[in-house]
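Please look through the sequence and the model below before reading on.

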Amino acid sequence: MRTLTGASPPFEFVPLSVVSFGSTVIAEGCDAASSVSWIHAWTVSHGIITQVREYSNTSLTVTRIGGVVAGRSAEIARSHCPSVWESKFSGRAGKSVPGLVLAI
C-alpha cells in the first residue's frame with residue numbers, strides 16, 4: 001500500500017521473461033534488488049486484456065487442462081495435466097515461497 005500511495009520509494013519491475021500460451025501472456029521478474037519476485041498473467045481476447053492476475057513471491061506452474069477441438073472443449077485427461085511453464089526466479093530468491101498452479 002505504501003508503494004501505491006507514493007509513501008515509499010517506487011517499485012521498479014525488472015522483467016526476466018515474457019511468454020505466451022494461446023490467449024495467456026505471462027511476464028516474470030523481480031525488483032531492482034532481486035528481493036521480491038513477481039509474475040503477471042494476462043488473458044487477451046481480440047487484442048483487449050480481459051483478465052489480469054498478479055503474484056508476488058510465489059512459485060507458479062502453468063498447466064494445460066483439456067484442449068480445444070473444432071471450437072469445443074475436449075475431455076480432461078484424468079491422469080495427465082502437462083506443465084507448460086514454471087517460474088524460475090522464485091527458486092533463486094533464496095527463500096521458501098508458496099507454490100500455485102494456474103490452469104489454462
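**A walk through the predicted model**

Three strands make an open sheet in the order β8-β5-β9, and their pairing is mixed. Its edge strands, β8 (83-86) and β9 (99-103), each pair on one side only. On average, neighbouring strands in this sheet are turned by 25° against each other, direction ignored. Such angles run from 0 to 180 degrees between N-to-C directions, and the axes are lines fitted to C-alpha atoms, for helices over the stretch in contact. Two strands are said to pair if DSSP finds at least two bridges between them. Strands themselves are DSSP runs of E with at least two residues, helices are runs of H or I with at least four residues, and both are numbered from the N terminus. Between β5 and β9 there are five bridges, and these two strands run parallel. One of the residues involved is Val62, whose bridge partner in β9 is Leu102.

A word on the source is needed here. This is a predicted model, in which local features need pLDDT of at least 70 and side-chain atom pairs count only at pLDDT 80 or more, while totals for chains, interfaces and linings use all residues. Residues are numbered from 1 along each chain as its sequence is written, and side-chain values use heavy atoms, with hydrogens and water left out.

Now take the whole chain. The protein chain has two helices and nine strands. Read from the N terminus on, its elements follow the pattern α-β-β-β-β-β-β-β-β-α-β. The protein chain has 104 residues, and 25% of them count as buried. Buried means under 20% relative accessible area, exposed means over 50%, and partly exposed lies in between (1.4 Å probe, protein chains only). The accessible surface of the chain comes to about 7000 Å², and carbon and sulfur atoms hold 56% of that surface. Accessible areas come from the Shrake-Rupley method with a 1.4 Å probe, and for residues only the protein chains shown count as cover. Of the contacts between residues at least 6 apart in sequence, 41% join residues at least 24 apart. A contact means heavy atoms within 4.5 Å.

Next comes the pair β3 and β4. Eight bridges join β3 to β4, and the two strands run antiparallel. Val44 belongs to strand β3 (residues 37-45) and stands opposite Ile49 in β4. Val44 counts as partly exposed because its relative accessibility is 30%. Together with Ile49 and Val52, Val44 forms a nonpolar patch on the surface, with about 240 Å² of accessible area in total. Patches are made of residues with over 30% relative accessible area and no salt bridge; like charges are joined within 9 Å, and nonpolar side chains (Val, Leu, Ile, Met, Phe, Trp, Tyr) within 5 Å. A salt bridge is a side-chain nitrogen of Lys or Arg within 4 Å of a carboxyl oxygen of Asp or Glu.

Where is His46 found? The residue sits in the loop between β3 and β4 (48-56). The hairpin of these strands has two residues between them, and His46 takes a positive phi near 55° there. Most residues other than glycine have a negative phi. His46 is not a glycine, yet its phi is positive. With a relative accessible area of 81%, His46 is exposed. Asn57 also has a positive phi, of about 45°, although it is not a glycine. Asn57 is found in the loop between β4 and β5 (59-63). Its relative accessible area is 24%, so Asn57 is partly exposed.

Arg53 lies in strand β4 and is partly exposed, because its relative accessibility is 28%. Leaving out residues up to four places away in sequence, Arg53 touches Ile39, His40, Ala41 and Leu102. The C-alpha atoms of Arg53 and Ile26 are 9.4 Å apart, while the two residues are 27 residues apart along the chain.

Is Thr24, at 7% relative accessibility, buried or exposed? Thr24 counts as buried, and its place is in strand β2 (residues 24-30). Residues up to four places away in sequence aside, Thr24 touches Val19, Trp42, Thr43 and Ile104. Glu28 is also in strand β2. Glu28 is buried, because its relative accessible area is 4%. Glu28 and Trp38 are 10 residues apart in sequence, and their C-alpha atoms are 5.8 Å apart.
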